[in-house]
Amino acid sequence: MLLSQTIGEFNNKRSEILQLAYKEGGREAVDKVLNEHNVLRDAYFEIVRRQLDRNNYQYEQLIKAANSETEKLQRSVSQLRSVGEIITLSGVVINLLGRILIILGI
Amino acid sequence: MDLFLAQSVFYLRNNIYIFIKQNRDSKVIRFCVGKLHSLMHPKIDMKNIFKLFVILLLTSCASIKSIELGEKAAKAGAEVSQKALDIYSLLSQQVYIDKSQQDKVKVLTDPNPSEMALPDTKVQDFSGQFASRAEAYRSLMNTYTTFTLLTDSKYGDKTREAVISLQQSYNSIEKLPDLPSAVSSKLPEVAKMITQAMQVKKIKVHNEILFRLTSLYITLWEEDRKAWDRYIDGIYDHYLTGLNSVDPKKYNVKKISSSSKEPYNEDSILILLYRLEKRDEIVRQKNDIKRQLDNFGKALRELNQIHIEMSRSKTDISGVINRLKTVDQLLKLE
């Protein structure tokens, strides 16, 4: 990556470059050089950000896929729970039937 | 149904039996109730019934094992999701470390620090990139939390308890004849077994979906990985090279000498050794972060393989156990 190389080369001679800038143009020249360096670094990280952004829409799809599977899992859990609930309910119905038989004296 | 096809036989009453056949996944594939002489081979003896009960017990054990493994896979999935969130938190902190390091380099490399203003390097903003990724892994975490509910080993026991309660209700009605003791004793277990078989089937189906889902997560993680490497390199390499260019005259050799264990007198050697130490420290920090990313990627791939293995009709149980151990070890590594 050319940008990375340029930043690296600047950094390797950073003190010398800034010293030279200071001698030639004082604080203003130093600030200008540092500003250029900041621009280079911003560009470097902007490229990284854009690489990540390329996948951003896929993450949205991933979130939808994960949420859809969670819903399917919830349905499966409900089905399993309902097995026990139906049997329990049957027991309640039979209990009720027994009480009715007792009340009616059949 | 032929007796030798049936794996479980239960006596009801008046020569009436319940026949159950399961496949290898403990799924009940045939179930019928009928009279012995019209449905079965005439030679039924206690030896055959005993064999059938042994088969029933073994298939029931396989169901329990599948449910247990499912529970462990769900736990591993939740832990991997949490690790992803930790990784993104670690990565997001790096921008503040970068700011602090760049500020320090600015002070150390300034030609005349006495007149410089306090440096204030811009913090690189990656919040949008982290937000979408963290959200994706929070969704995955929710999926595994729900998967944990599906792999709860108590469903079979709850069905068994419900059937016992149902039988008690039935038997308590005086006008109705009590269920035969053979039925009363076996029916709850059969009901439990059927529920477990249903549960195992659902766990397998969801493992297949989770395999596909985690495959997508792996693809995106691997695509992102190159960018994360550049991000980390940018932060640590820019600091390292900037620090290397600090003028040797700015070092206080006495301080270096007092904290150094190296047996050298020459100032330039002490300064160079100090620089080497600092360089190695920065490289170590960078590599530690990259190693954490590597280990997370490996854990995610192992989890993915656990799901595909568990979705198969014939699961390699020892293989799944080994992969679960690997996930656990990878997540514990710093």
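Let's start with how chain B holds together: of its contacts with a separation of 6 or more, 74% are between residues 24 or more positions apart. Keep in mind that this is a predicted model. Chain B has 334 residues, and buried ones make up 32% of them.

As for secondary structure, chain B has three strands and eight helices. If you walk along from the N terminus, the order of the elements is β-β-β-α-α-α-α-α-α-α-α.

Now follow chain B to helices α7 (residues 267-311) and α8 (residues 317-332). The axes of this pair come within 9 Å and cross at roughly 160°. Angles over 145 degrees count as roughly antiparallel, and therefore α7(B) and α8(B) are roughly antiparallel to each other. Their crossing is left-handed. On the α7(B) side, the contact is made by Asn295(B), Lys298(B), Ala299(B), Glu302(B), Leu303(B), Gln305(B), Ile306(B), Glu309(B) and Met310(B). From α8(B) come Gly319(B), Val320(B), Arg323(B), Leu324(B), Thr326(B), Val327(B), Leu330(B) and Leu331(B).

Next, look at where the two chains meet. Chain B puts 58 residues into the contact, and chain A puts in 51. Which elements of chain B give two or more residues to the side that touches chain A? They are α2 (46-109), α3 (127-150), α4 (154-172) and α5 (181-244) of chain B. Of these, α5(B) gives the most, with 22 residues.

Finally, hop over to chain A and pick out one residue, Ile47(A), in helix α2 (residues 14-53) of that chain. Is Ile47(A) buried, exposed or partly exposed? A residue needs 20 or more other C-beta atoms within 10 Å to be buried, and 12 or fewer make it exposed. Ile47(A) has 16 C-beta neighbours inside 10 Å, so this residue counts as partly exposed. Ile47(A) also gives you a handy pair to check in the viewer: the C-alpha atoms of Ile47(A) and Leu3(A) are separated by 9.9 Å, with the two residues 44 apart along the chain.

Technical notes
Residues numbered from 1 in each chain as written. Chains lettered and ligands numbered in written order. Predicted model: local features only at pLDDT ≥ 70, side-chain atom pairs only at ≥ 80, totals over all residues. Axes fitted to C-alpha atoms, helices over the stretch in contact; angles between N-to-C directions. Helix = DSSP H or I, 4+ residues; strand = E, 2+ residues; numbered from the N terminus. Parallel < 35°, antiparallel > 145°, perpendicular 65-115°, else oblique. Left-handed = near helix turned anticlockwise from the far one by under 90°. Contact = placed C-beta atoms within 7 Å.
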